[in-house]
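Subject: Structure handover

Hello,

Here is the structure for you to look at. Please open it first, then read my notes below.

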Amino acid sequence: MLPLILIIVTVLLGLSLFFRVANIQKHAYQLASESARNIFRMIVLTRQWNAEHNGIYVFASDKNPSNPYLELAQRDIPLSDGRKLTMINPAYMTRQIAELAESDPQLHIRLHITSLKPIRPDNKPDDWEAHALQEFEQGQQEITSIEHQTNGNQLRYMAPLMVKPACLSCHAKQGYKEGDVRGGISVSLPMTAVEAAMQDEILASWISHGVSYSLLILISWGLLELLARRWRTLDETIEVLQETRKELVENEKMASLGRLVAGFAHELNTPVGVAVGAVSHADDTLEKLTELLTQDEVSELVLNQQISYLRESHHLALSNLRRAADLVHRFKRTSIDRSTQQKRMYRLHEVIDDVLTTLRNILKRTSIAIDVDCSDDLELCGTPGLLEQVLTNLITNSVAHGFENGTRPGQIRIKAVVSKARHLIIDYQDNGIGMTEEVRQKAFEPFFTTYREHGGSGLGLYVTYNIITQQMDGTVHLVSAPQEGTHFHIDCPIDSTPLPDKTL
């Protein structure tokens, strides 16, 4: 878990740092571009001011010689004191500003006015400027890029100069007309200061992300350690609860088996008691016969009467012993099925009869009728002990809850069929008091009971649900409403696995 968290945190912070650095670089590039753009705008405004005044005159000197490329009659005006005024047009002024800017050690800005058809040869464009001028001819508004040079990176910016009416006095002879692209001014700015500030900000981002990464790892490790402890505690608690639940379920099964034994013992007492009484009566009859036979004369009628008594005692004892043997056989079959849960071939109606026999002691004290609809020849392969447990739990649940411990009369109907899809379908219904919707929704939850004050454990239907869904791979659907009884619809696939051949 910790490596996964580490990977996720690393990826997220790595992406955050990547986008942060990219954003810093983009911002630095935009800042430098905006600076160059503002310089260009200031030059254009200065040129516009010059053009609107039709040029300006300054004293001619070595620094301001007459512009040989300005072909105007009023280019030079001599004064009476021997000095001369010469016109500075926008292009000449731009070149002088560019020379001042380039010579200033604090600026290191290079301005270059250029054109594809320059009047002054020194205004010829370099390759980058020529490409930019061609782009302007196609409608591009500005060009910006970074050039890598030996003395550091340079930002190059260039925008077009459009022909205006004031420009035609000098450039009309070149074929330009108003609105054409006359040329452009390129601005070159050193990126040293910008990149230094950018690197400082990138370093700060690395440090902040590194600190954040370390804190997140420490916090994640601490939280995961705390969570791991909670999980270990929870696992231990769950294990204890599972063991407790398993023990309670086993106790519930043993209690069910105890009720079965109690019912069997009570049922067995009756035929055994009758058989004992019959045998005792037969002993008395034999003593009388022995006494009669010692007499000299015995009435045939009396002798036949005693023999008849002996025969009746014999038949009574034999029938009740057979009934007791059948009970023992049923108990043995049921107890083995429930304890071992081994697969075998069985008849479903016999399983239902065995359950009703073991519960006869409970049912005979009630006014509850049991109606069974199951074919006598319905033979299945599986573990009958599971079905016995399910039916026992459903019947005892109906007696206790649906019919209020047998104080209410009613009817239980059990219908069992095999569907075309080879599923065993059991519909179990009673017409007892039913359940509210809240109780119905919680009926299969462990330890939920409305009968706790009377000793209910809340495990009967939970065990039933688990047997059907987990051990029999089936489903059980419960329908119930107050005063409308309860209906359990059970649907289980029939086990088609053949039994192992035990023959030699």
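Start with the ring rule: rings of Phe, Tyr and Trp (its six-membered ring) pair if their centres lie within 6.5 Å, and planes under 30 degrees apart count as stacked, over 60 as edge-to-face and the rest as tilted. By this rule there are five aromatic pairs. Take Phe 40 and Tyr 157: their ring centres are 6.1 Å apart and their planes stand at 65 degrees, so this pair is edge-to-face. It links distant parts of the chain, with Phe 40 in helix 1 (residues 2-52) and Tyr 157 in strand 6 (residues 152-162), 117 residues apart. Helices (H or I, at least four residues) and strands (E, at least two) are DSSP runs, numbered from the N terminus.

This is a predicted model: local features need pLDDT of at least 70, side-chain atom pairs count only at pLDDT 80 or more, and totals for chains, interfaces and linings use all residues. Residues are numbered from 1 along each chain as its sequence is written, and side-chain values use heavy atoms, leaving out hydrogens and water.

Phe 40 is buried at 9%. Tyr 157 is buried too, at 3%.

Elsewhere, ring pairs join Tyr 428, Phe 444, Tyr 465 and Phe 488 into a cluster.

Now the cysteines. There are zero disulfides (cysteine sulfur pairs within 2.5 Å). Cys 381 is buried at 13% relative accessibility, and Cys 492 is buried at 3%.

Best wishes

Note on methods:
Buried means under 20% relative accessible area, exposed over 50%, partly exposed in between (1.4 Å probe, protein chains only).
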